[in-house]
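Biologist: I want to learn how to read an interface between two chains. Can we work through one together?

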Amino acid sequence: MTGTVEWLVFLVLAVVAIGTAAGMLLTMSMYRAALFLMSCFVALAGLFILLEADLLAAIQIMMNVGGMMIMALFMVMQMMDPGGEMMWEMKRTMQLRGPGALSMRMPRHKRGQEGQNGPEGDKERTGAPTEHICPMHPEVRQQGPGTCPKCGMALVPPQADGGQEHETHFTGQGTMRQRQHQQMMMDMAMSTAQLPWAVVVGSASAVVLLILFVDTPWPISGTRPTRDATSMVGELLLSRYMIAFEGAAFLILAGIAGAVILGKREAWSLGAHPRGPQDDKRLYTCSMHSQVRQEGPGQCAICGMELVPVEEGKRS
Amino acid sequence: MSGPGLLPYLVLSALLFGIGVVGVLSQRNAIMVLMSVEIILNAAILNLVAFWRFVAPDNFDAQVFVIIAVTIGAVEMAAGLGLLLLMFRQRGSSNIDQAQELKE
């Protein structure tokens, strides 16, 4: 490949990688975010091929794209609005600017209101002890967030115009106040109010890395790698790095087992997984013949009735 | 004209790293945080491969290291998704702001 073609391929892949990574953070739909990340990984795999590491490109695609497929599946299962269509519709109804479902840009409020609204919104987000109420039981009030002792719902900070907020959402931009609007966009967006700070920290870390990279005199070697990288890597994996190879395999198994066990545990604690009779070590008795006692359920030897747990027998 | 050298790849990986940091710090959903961590990891892997190609092309240890790193990324995603699924079942959302049982 000539240098110009290599540059061209590099630039295209780099733009795709950066664009899709940024798109992942900007899109309103989590499903789309998973697809964006997948294309970012594929672009990186293309760069690996450009770097003559074909084996790594294959592994990158298999592992990461496979992982992202599972991730996308999770998105569809969990999200209320995986395709982002609801938000798109909402944006259109409210006549917000921005490229449809691809944007989570919050409308900027006017200069005059910024002083009053900004810090207040931040205070609520960061959990400073403002008074919170239950949306269902207005008498339940406490300092700071929590759950309602009556219905278990999350407590919310009181809104100036509380209940009417939902009705005004869809009535267009005219009737919605700036603050409501901003609050709602904040709830819709997938990022928190700390986004500007995150952008500052992210850019700062990228700049520091860039300065370090440019400033360091790397000992660049002019040789090209041998074409037979795959067999070399295989040999290394099976000899010097055998233990790391096995450790990685073990880690994969442990990760999968951990994920499965974590998923199961919840089912047990909810009681969806009923205890088998062999697990039941409680004392059972007959409701007619109190002298009959045994561990675990069964039938009374005298009358053949179902045995009941001792506690229940006492209560009744 | 020769192809892109080491520096363009390093610049690209620094940019990807910055995007990943923004995501980790700003995202509300735990799955998105996990995905941003993946971007950071992949930026580091791109760095590794670029250094292998331009600094030590005869030493394949770097490639083995990349394979292990990719594996760890996959395991992290599996364990993270397991945790998230648990969290989602318990409270109906995977919003990280709500994961604060240990606060008190």
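**Reading the interface**

Modeller: Start with contacts. In this predicted model, 72 residues of chain B are in contact with 82 residues of chain A.

Biologist: How is the size of an interface given?

Modeller: Often as the accessible area lost when the parts come together. Here, chain B and chain A bury about 7000 Å² between them. Carbon and sulfur atoms give 77% of that area.

Biologist: Which residues of chain B lose the most area to chain A?

Modeller: B:Arg28, B:Met35 and B:Phe60 do. Together they make up 10% of what the chain B side buries.

Biologist: How many salt bridges does the rule find across the interface?

Modeller: Two. One to look at is B:Asp61 with A:Arg240. Their side chains meet at 2.9 Å, N to O. The rule also finds six residue pairs in polar contact between chain B and chain A, both residues at pLDDT 80 or more.

Biologist: Which elements of chain B give two or more residues to the side that touches chain A?

Modeller: α1 (6–26), α2 (30–54) and α3 (61–91) of chain B. The largest share, 23 residues, comes from α3(B). By type, the chain B side divides into 49 nonpolar, 16 polar and seven charged residues.

Definitions and conventions. Residues are numbered from 1 along each chain as its sequence is written. Chains are lettered from A and ligands numbered from 1 in the order in which they are written. This is a predicted model: local features need pLDDT of at least 70, side-chain atom pairs count only at pLDDT 80 or more; totals for chains, interfaces and linings use all residues. Side-chain values use heavy atoms; hydrogens and water are left out. Contact means heavy atoms within 4.5 Å. Buried area is the accessible area (1.4 Å probe) that two parts lose on being put together, summed over both. A salt bridge is a side-chain nitrogen of Lys or Arg within 4 Å of a carboxyl oxygen of Asp or Glu. A polar contact is a pair of N or O atoms within 3.5 Å; within protein, one must be able to donate a hydrogen and the other to accept it, and residues adjacent in sequence count only if both atoms are side-chain atoms. Helices (H or I, at least four residues) and strands (E, at least two) are DSSP runs, numbered from the N terminus. Ala, Val, Leu, Ile, Met, Phe, Trp, Tyr, Cys and Pro count as nonpolar, Asp, Glu, Lys and Arg as charged, and the others, Gly among them, as polar.
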